[in-house]
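Hi,

Here is the structure I promised to send over.

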Amino acid sequence: MYKHVALLVRQAGMTHEEFRERWLEGHTPIARDIEGVVRYHTVVPTDPEHAEFDGIAELYFESLDALHDALGSPGSRDYDPTKEMAAAARADVDDFLAVEDRPRFIGEEVVQKDETGGETDGLYKHSAFLVRKSGMSHETFREYWEHEHTPLARDIEGVVRYQTVYPTDPENAEFDGIAELYFETLDDLHEALGSEGSRDYDPTREVAAQAREDVNNFLDVEERPRFIGEEKVWKNEVDDVDGY
């Protein structure tokens, strides 16, 4: 499944509460009906004061062509969609988002572990936006991430779903990938991965500690944003829920 992940930054002078109301009540009813969207998520920060972004919007498409037709291609922030709902959504973001400060990522999602049956509504999610170490190629990074780190990360204590998102156009992508870890409770997430506002967390659980140590082998940790939030599923027209 292909998805467009938008990391949202509110406009200057707007409070997070004002942003959240405008985003969820005004924009979301438009965005979830963008042509080709088969699943739509929002992820709201559990601790807005320490979050690196004001929220995440995730739009799923069955094909990369459908995604590009609606939202443009990688490497182009100022896309100009011609489809009606996509155009309305693009115009609407100018009312509440700092568009130039909003990273976005287009990628293919691969579910590495799932104990939820694909039902992620109300779960807590740790999203890590990955940046490879200096001097490492994207191909070398991906091979290490996929074959060395993922077998550790998916077994972190408390993780009920783990998925990786690979860029469809690495040369133009703003990150080298996304790792998404789901937990049933916020306490489970914090106990495994630390709390918001702390990049240098020191987990004491065995597998989490191994995974944290391993990231130093392939990630530029200081350049890697992370986001902790609660996911809400606003739309789902996917038949194969387990794998999206």
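I call a residue buried when its relative accessible area is under 20%, exposed when that is over 50%, and partly exposed in between (1.4 Å probe, protein chains only). Helices (H or I, at least four residues) and strands (E, at least two) are DSSP runs, numbered from the N terminus.

Two caveats before the findings. This is a predicted model, where local features need pLDDT of at least 70 and side-chain atom pairs count only at pLDDT 80 or more, while totals for chains, interfaces and linings use all residues. Residues are numbered from 1 along each chain as its sequence is written, and side-chain values use heavy atoms, with hydrogens and water left out.

Let's start with β3. Gly55, Ala57, Leu59 and Phe61 point one way from this strand, Ile56, Glu58 and Tyr60 point the other way, and all are buried. Seven of the seven residues of β3 are buried, so the strand is largely enclosed by the rest of the structure.

What does β3 pair with? Two strands count as paired if DSSP finds at least two bridges between them. β1 and β3 pair in the antiparallel sense over seven bridges, and Ala6 stands opposite Ala57 of β3. β2 also runs antiparallel to β3, with five bridges joining them; here Arg39 has Tyr60 as its bridge partner in β3.

Now the charged side chains. A salt bridge here is a side-chain nitrogen of Lys or Arg within 4 Å of a carboxyl oxygen of Asp or Glu, and that rule gives 14 salt bridges. One of them joins Glu58 and Lys3 (3.5 Å, N to O). This pair links distant parts of the chain, as Glu58 sits in β3 (residues 55-61) and Lys3 in β1 (residues 2-8), 55 residues apart. Are the two buried or exposed? Glu58 is buried at a relative accessible area of 0%, and Lys3 is buried at 0% as well.

Another salt bridge is between Glu231 and Lys125, whose closest N and O atoms are 2.7 Å apart. Here too distant parts are linked: Glu231 is in β8 (residues 226-236) and Lys125 in β5 (residues 124-130), 106 residues apart. Both of these residues are buried.

These two pairs belong to a network of salt bridges that links Lys3, Glu58, Glu109, Lys125, Glu180 and Glu231. Glu109 is in β4 (residues 104-114) and is buried at 6% relative accessibility. The side chain of Glu109 also makes a polar contact of 2.6 Å with that of Tyr60 (a pair of N or O atoms within 3.5 Å; within protein, one must be able to donate a hydrogen and the other to accept it, and residues adjacent in sequence count only if both atoms are side-chain atoms).

Arg10 and Asp54 form a salt bridge as well (2.5 Å, N to O). Arg10 lies in the loop between β1 and α1 (16-31) and Asp54 in the loop between β2 (39-45) and β3, so the pair ties together parts that are 44 residues apart in sequence. Arg10 is partly exposed at 31%, whereas Asp54 is buried at 7%.

Finally, α6 (residues 206-214): its buried residues are Val207, Ala208, Ala211, Arg212 and Asp214.

Cheers
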